[in-house]
Each structure stands twice: as C-alpha cells, then as structure tokens.
Amino acid sequence: MTIRLTLNGEEREFAAPPMTPLIDVLRDDCHLTGAKPVCREGFCGACMVLVDGIPTVSCLTPIALVEGGKVETVEGLTSADTPPPVQAALEAHDAVQCGMCFPGMVVSLTHLTQPGECDASRAAIKAGLTGHVCRCTGYERIVDAALAVMEGRQ
Amino acid sequence: MSEVAERAVQNLRRRDARDKLMGRTRYTIDRGDRGMLHAALLRSDIASGKIRRLDVSRAAAMPGVRAIATAADAPGRAGLGIADHPLFATDIVRYCGEPIAAVAADTEAQAKAALAAIAVEIEPLPAVLGMAHALAEDAPLVHPDWPSYELLHAGGKRGGNVAWEASVDRGDVDAVFARDDVTIVETDFEVCRQNHVSFEPRATVAHFEDGRFHIESSTQVPWTVRNTTATVLGIPPSAVRVTVPPVGGGFGLKFDCALEPFAAILARKSGRPVRLVNSRREEMETCLFRENAQIRIRSAIAPDGTIAGREAVVLMDCGAYGGEQVFLTTMTAHTLGGNYKLGAARIVSRAVYTNTAPNGAFRACNGVYNTFALERHTDEIAARIGTAPDAFRRLNVIGDGDLGATGQVFEGEVLRPMMAKMETLRAQTPVAPLSDGRLHGRATTVGTWFVFTGPSAATVNMNADGSATLVTSGVEIGSGSTQQALPQIVAAILGLSPEQVTVRAADTDAAGYDVGVGGGRTTVSLGAASRTAALDVRTKLLKVASDMLEAASEDLVLADGRIEIAGAKGSGLSIAEVASHAQLHLGPIAGTGAFAAANTPAMAGCCAGHFIEALDIPVFAVHDCDIAVDPDTGHVEVLAYRVVQDVGKALNPRAIHGQVQGGVVQGLGYALHEEADVGPTGQIRQNSFETYRVPLAGDVVPVAIELHEGAPSIGPLGTKGAGEVPILNVGATIACAVANATGKAVHALPLTPPKVLALLLDSAPPPRFAHIKDRHIDNRLPPDF
C-alpha cells in the first residue's frame, strides 16, 4: 500500500503495510532516529512526533492513519544551526543527562509552550508532561526550562 | 594546586546537550552499517530444566538466516568472583529468559521467525524461586557442580546455594549481647527488586574484520566487555576492540558484559556486521535488577546510648548466576556496618542462588536497602531507649578517628557538621501545616557510601594548535562527568578553557585499562589519571617554554592559553606557539597518567570474603523529608525533600545538583512504587512500563540541596564521586517519615498505597524470616570450607 504524507515539510511516499508503526518508518526508512522506541506501548513519550501539530506517540500510530497528514519529528523542528527556544532553554538549564527522552520531550514542549496551550505554572507543565518519562533528571529542570520559554525569559 | 582547583570550578555546560536536544545523537540503537544483520535470542520460558534436544537445522534453512549460534560456539564461563556463567544455557536452563540460541538474519522479522523454527525440548526440573527455599535443607542446587567452578577471587566462602559469603567479625559480640545492662533491639526487613529502566536497552553492533572483533556497545564497562567476550569465546582479549557511542542511561545495568558476545559470534560466523538489541520486554524480564534482599539487624545498646554491639545477616538474591552480586556482598560491611560507631560487630552478607533472572548492580547497589534497614532500625532503637532520633544519631555517628565496622579508621569530622547544615536547610525550607486530614511525617537519616576507586588510565595529547585531546576509556552514560569534570580538570592544569580539551569517546584500542563508569569513580579515578597526564604535559610544555623564553620553568605560569613569565604579562608565548615549536623540534608533546586504589587498610583479621575491606574514599549523605500520608487511600505525597551531600570539592556544582535531583527521584520510585518480583513460574511479573511504575513529573518536588565541601579525599583536587550517592538514603528517609506519620513500624519497601493501608490497619505482620537462624553462627558456612 502506498501512503503519502508530508514529513518535515517534504512530500513523501511510502510503500509499507498499513499497520506498520510510524516510528519504524521514520527510523528504518527515513533514518530519522531522533524518535526513540523505548517502551513501544505509548507510556514513555520518547517517540513523540507532531501529527498535524498534535503530539502523537509514533510507536502506536499505524502509518496508514497519517495518510495525507503532516508529520514533524524532532529533526524537523531544528533545521538551522540556532536551536529554537525550547531546545535553547533546555540547554541553558543544563537539563540534559542521557538524553534519550529529550527528542520526545522537545516535541511535546514545542506544542505545550505555544500561546494558549498551557498555563505558565509548574503544576500545569507537569500535567502536560504526564505522557513523558525521564529516568535521569528528576524533571524539575525540564519544568524550569518550559516555564522560562512561556514567560519569554529565554 | 589550590589555584588550579579554583580554576577548575565552573558550571560548564555539556557539549553533548545540543545534539541530544536536536535528535542528532547516535546512540548504539541508532547505529547501522551496510550489510548489517539483525539478531535475536531464543530464551528459555521455564525457570529450571534439562535441555533434552536442541535442533537448529530447520531454522538455519529459513529465509534470510545467515548464522546461528549455540553453546558449542561459546565454551568459556565468566564471572566476577566465580566463573559460573556460560553465555548460553549449556545442558541446564537456570532461569526464565536464559539464552539458548542466537540467530542472525537479514531482517529482525526473519530472525524472530527463525527462532520459532528452532526445535528445543526442555525437561522441567524443580525450581528454587526464593531465598527461603534456596537455603532449606533439602533445596535443589541451582549449580550442582559449584565446587568445580574456577575461583576468580580468593577468600569468600561458598556452599550449596550460597554463591558467596562475606563476613565481618570485630570484637566479642557474644559477650556484649550477654551483658545485663544492654537493651537489645532486633528487626527484620525486606525489599523487592528494582529495575533500572534505562531508556536505551542493552544494545550492540559487532563486526569481525581482519581477524579481530570490533564491538560497538551501550555499556559502562568497555574493558569488561572486551575481557569477558574473550573469555566466553575462548580467544585472546587483544582480539576484541570495544568502542562506546553515547549511552542512553546505565545506572549500573550496563556495568557487566551483556549481549556483546552473542553478536560477536554471529558476526564471525556470517562475515557481516550484526546488531542485537533487547526488546523492552526482554529488558524488563532479564534486567540485572537491584536485588531483592532480606535483612536482620540486632543491636545491643549500652546505658549511655552508645551501640555496644551489632550483628546482622543480609541475604541477597543473586539469581541464577553470581555476577556482580558476589562482589556486592562486600558492601554490606560498609553500608549496614556504616554510619555509626560500633563497640563490636558481626555481619554476614550472602549472595544466594535462585532459579531467577540474575541480579546486578544498581546505583548505590546494596547501600540503598541496607541504609533503609539501618536507619529504620536506628529509629526503633531511639524509640526503645526513649531518645530523640536526631540526638541518638548525633551521639553515635562516625567522626574523626572513629573505627568503622571493619576496623578502618575514619578521618575527618564529616557527618555531624552535615547534620547541623541539615538543621539549617530544614529551617530555611519549612512546609505548611496540613489541614486536610492527612498525616504529616518527617525524618532525617544519614548514609555512608564510597567511591569505587580502582585502575584508570589517561593520555593527554598536546596539539600544535593549542588544543589538547584527552584519551581515556571513560564512557558518557548521561551523568556528564566526561563532558564536564574531566575537561575542566585538564583545562585548569594546562591553562586552557575546557572547550579546548577534546574528549575522545571510549575505545579500548586507543586508551588503557579502566574499571568502567560507575561507583562514582569517573571524576575521581579517571579524573586522577587525567590530572596526572595533564601535569606530565604541563611539565613538558614548561620545559620547552623555558628554553624558548630563557627563563626558569618555576618562574613560568600557564593561564588563558599562554605561558607567561610570572609577574610580566605579555612577556611569554601562546601555548600553541610552544606546542608547535615542540612538535617541530622535539616531537609532539603527550602525557600519560594512571590511578589505582589506595587499598586503605581494615583491621587485620576482621574481614573474610571481601573485595574491598576498607573505603579509600568514604562519601556521606544526610537526607531529610516531609511527607503527607492519606489515611483513607494510603497514598504518600512528598512535600519537601532535602539533601546535604559530602562532595569533597564540587568542580561543577550545577551538574552535581542535577545528579542529586535525578538520583533522589529514582530513590522516590524505589521507596514508593517501583516493584519487580518473581511470579509462580519464575518469570519477572513486571515486563512493561504499564506494569512497572517509575516516577513521573507530577510525583516529584525540587530537592533542596546543600553541597558539603572539605571532607578529606584522595580524589583529584579533593573531589569525591557525586552522581551515585544521591539515591542512597531516599528509601530510608521516606520509610522513617512514613513510620513517623503513621506511628507504625515500616519493615518493607516500596510503600505502595495498599501496603501503607495495611500498616495503618495493622493487617500486615512484620516480616520474620525462619530461614535466618536465631544464632548468628547458624547463618554462616562452616569455617573449613
């Protein structure tokens, strides 16, 4: 089955069985290895991508469901050398440790820090991160960075 | 060197952060190669049995299959203290998940299809699934042939299902307990397993080229992978090269050889690169967990409130093979035997074989549950003798010149000043009183940990452009030590900025031996070797500069990329000028450095079976928390968490704060809801994120942190390891606070809501282990073995 979609701004066609997880197409066919297959059951958020602007776990999304849609991966969020505000804030807050969860975190925070998406409060940001697990950092610096972006301090 | 130490201190950012944030970092799971095959393992689905038939001929004929490996391809046995572990189950299967065969095929799907075509018949044998059964008189032996295994470390007693026994005997404990003026307090404790859940699973890509193996792996221990792969394959270690891409989390899980030899064999057989990655389910079911353990502590308290004597039995479930657990029996003497002055001490720590997935090393291994047990026991002592817990601790904690359990003499007054700092920190971070019916609890605990010293090597190459290249076998597992502390140390000595120090990724062909990244040793051991190598370069640079400037070496200073004559800024040369002059006329400048354990002595004759008898670098921690317990649901909320941590010298305070926050949160998971255990068939019951609950953003609080500097350390510039210890007393602190809130004795972790409710309802009797005998001597193997 041929599936057409827009991937990081580029029209692409894939010949894959319709139930193929989106993450496998991204990683194996497109060599976009930013999204990480960590739990493969939608709990950890490390494989998060934007589908038509909405954070979506690519491990549980069959490729057929994004036919005709717009998919943005963490690689697509950073085309230039200068990191966007979310990535810059996480870097400035020294939030990164092993880094495996961050591609997914960055995708969700990119969405969450859009105006009107989330209150600029620690509690609201933590609620917004419910679908993400980080095993290294203990989260607080990620929240600090998100808050800084929302408050325009970045 | 104090000027150098001060120059080394800075909140340097991580150089690897940006690529990690942009999704560009290539971890082992992200790597590939042309013609690469995908491998999969056939694992046992029963806990104990005899392999009656194993036929791979049908699988070998399946589409895409390029190579199959079985026990015949890996003749050797490996281990840490005992060579008890074959790569593949050989005749006997000892745990659910044990590898039986490996297949490499063009695709992962083909490899898995081939696994299903392997004919295997296993005759079930009686399985030993818990330590009570393993220590019973008539228990089947997990390793009937244990006496024939090669011993790799002398001194530990072994016998039957006791893989290893380490013991401490100092003073006449029987006489102390027989005194009529002592108060005797005895408590049993139990903890389950904890899964590391590092985000990157164990993963490897192996190549076989020009008669040698090149293994890329997600590991903390490239040299262990090199040597163990050689042992199980029966080849010289020099035939194996290990390189390590950025590692997506380790926490101790990757402190042992894992999948690498399977991929290596398949690469040799197929002549193609082979990738092998654990699925999350394999990772959950065969995790080298923090071990489940059972503990009994008995103390004799003198009328003056001092601890006249203490005896303890610690049973550690090592699973089907000894592995790291054999080594970790050592740590009981220093963790459960730590913190307090003891008049006399008698401690035995046993690694017990069971037919379950092998356990391993996990951040502050052994220390986390022994500190839980010790600190809860301490609170029970204080309650029994009618003393405030803090006052009891202040009286009894180890101070300058005091003896540890193994008779080591501790230097420096550390814990008492740290406790005083905690009182201040507590006063600065008050919590609001609860008015919602929940029960408030609080606790302060102390903990003793260490730095795993041991051999490290470093080379510093001084480049003609004025930059330096640091070459070590140090792995970046996420803590940042190789990205921050190491270049900070080298740069401070050479008068460079840390950005001018390139850090070579681990490669056993490029750098000398290293124990590995773990045990808080990167900044200390690799840092010390790097410091020596940088000093070597510095001496050589100054010699060349002295000739060029016609000034005595001792009159020269290195700073800001220049070598100046002291007191005459601008009079000298740039380091690049000196380095390029040297390169042209004398050859490039390089320096080497090495480090090894100091082997601090214990009291003679105190210890048996220990790998480390005394701590080269003790590390202390004081933790404190406020919690709220919901009496209706049993839910525990952490209201505030505070840490005063002994760091020696903080080279990168911001990085250390990040480690403390992350380590405490991992500890909160252990204390409150992370629970892995063995089901009735011997399988680990929690095999996914759905069934194993790790902390989420909503569960955590910002930890209030104070770093205690100035305690003695042989680490470079006075440093101690800071990344491992933050998890040490979290279980202890939460448990003591829950006991404080509820008025009930806490004897087990984790404190899930059902367990807290059972405490409140008095419906869970305290553990009492019949297989831990009343007489201490009955918990020891006979002396003649």
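Is B:Ser530 buried or exposed? Let's start there, hi everyone. B:Ser530 is buried, with a relative accessible area of 0%; buried here means under 20%, exposed means over 50%, and partly exposed is what falls in between, with a 1.4 Å probe and protein chains only.

Before I go on, a word on where this comes from. This is a predicted model, so local features need pLDDT of at least 70 and side-chain atom pairs count only at pLDDT 80 or more, while totals for chains, interfaces and linings use all residues. Residues are numbered from 1 along each chain as its sequence is written, chains are lettered from A and ligands numbered from 1 in the order in which they are written, and side-chain values use heavy atoms, with hydrogens and water left out.

Back to our serine. B:Ser530 has its place in helix α16 of chain B, residues 522-549. Setting aside residues up to four places away in sequence, B:Ser530 touches B:Ala458, B:Val460, B:Leu470, B:Thr472, B:Leu486 and B:Val490. Contact means heavy atoms within 4.5 Å. As for B:Tyr95, 435 residues away along the chain, its C-alpha is separated from that of B:Ser530 by 42 Å.

Now to the interface. How many residues of chain B are in contact with chain A? There are 51, and they meet 46 residues of chain A. The buried area between the two chains is about 3,900 Å², with carbon and sulfur atoms giving 57% of that; this is the accessible area (1.4 Å probe) that two parts lose on being put together, summed over both.

The rule finds 5 salt bridges across this interface, a salt bridge being a side-chain nitrogen of Lys or Arg within 4 Å of a carboxyl oxygen of Asp or Glu. A:Arg27 and B:Asp30 make a salt bridge through their side chains, at 2.8 Å from N to O. Between chain B and chain A, 26 residue pairs are in polar contact, both residues at pLDDT 80 or more. A polar contact is a pair of N or O atoms within 3.5 Å; within protein, one must be able to donate a hydrogen and the other to accept it, and residues adjacent in sequence count only if both atoms are side-chain atoms.

Which helices of chain B supply the side that touches chain A? Both α2 (17-21) and α18 (653-672) supply at least two residues each, and α18(B) gives the most, with 9 residues. By type, that side of chain B divides into 22 nonpolar, 17 polar and 12 charged residues. Here Ala, Val, Leu, Ile, Met, Phe, Trp, Tyr, Cys and Pro count as nonpolar, Asp, Glu, Lys and Arg as charged, and the others, Gly among them, as polar.

One residue to look up on your screen is B:Arg14, in the loop between α1 (2-8) and α2 of chain B. B:Arg14 counts as buried, at 5% relative accessibility. Beyond its neighbours within four places in sequence, B:Arg14 has contacts in both chains, including A:Asp94, A:Val96, A:Gln97, B:Lys20 and B:Glu476. A polar atom of the B:Arg14 side chain lies 3.3 Å from the backbone oxygen of A:Val96, and a polar contact of 2.9 Å joins the side chains of B:Arg14 and B:Asp16.

Next, salt bridges over all chains: the structure holds 69. In one of them, the side chains of B:Arg52 and B:Glu123 meet at 2.5 Å, N to O. B:Arg52 is in strand β2 (residues 49-55) of chain B and B:Glu123 in strand β8 (residues 119-124), so this pair ties together parts that are 71 residues apart in sequence. B:Glu123 is partly exposed, at 32% relative accessible area.

B:Glu108 and B:Lys112 form another salt bridge, with their closest N and O atoms 3.2 Å apart. Those two are about one helical turn apart, because they sit 4 residues from each other in helix α4 (residues 108-116) of chain B. B:Glu108 is partly exposed at 37%, and B:Lys112 is partly exposed at 46%.

Last stop, chain A. Strands β3 (residues 48-51) and β4 (residues 54-57) of chain A pair in the antiparallel sense over 4 bridges; pairing requires that DSSP finds at least two bridges. A:Val49 stands opposite A:Thr56 in β4(A). The hairpin has 2 residues between the strands, and A:Asp52 there takes a positive phi near 50°. Thanks, everyone!
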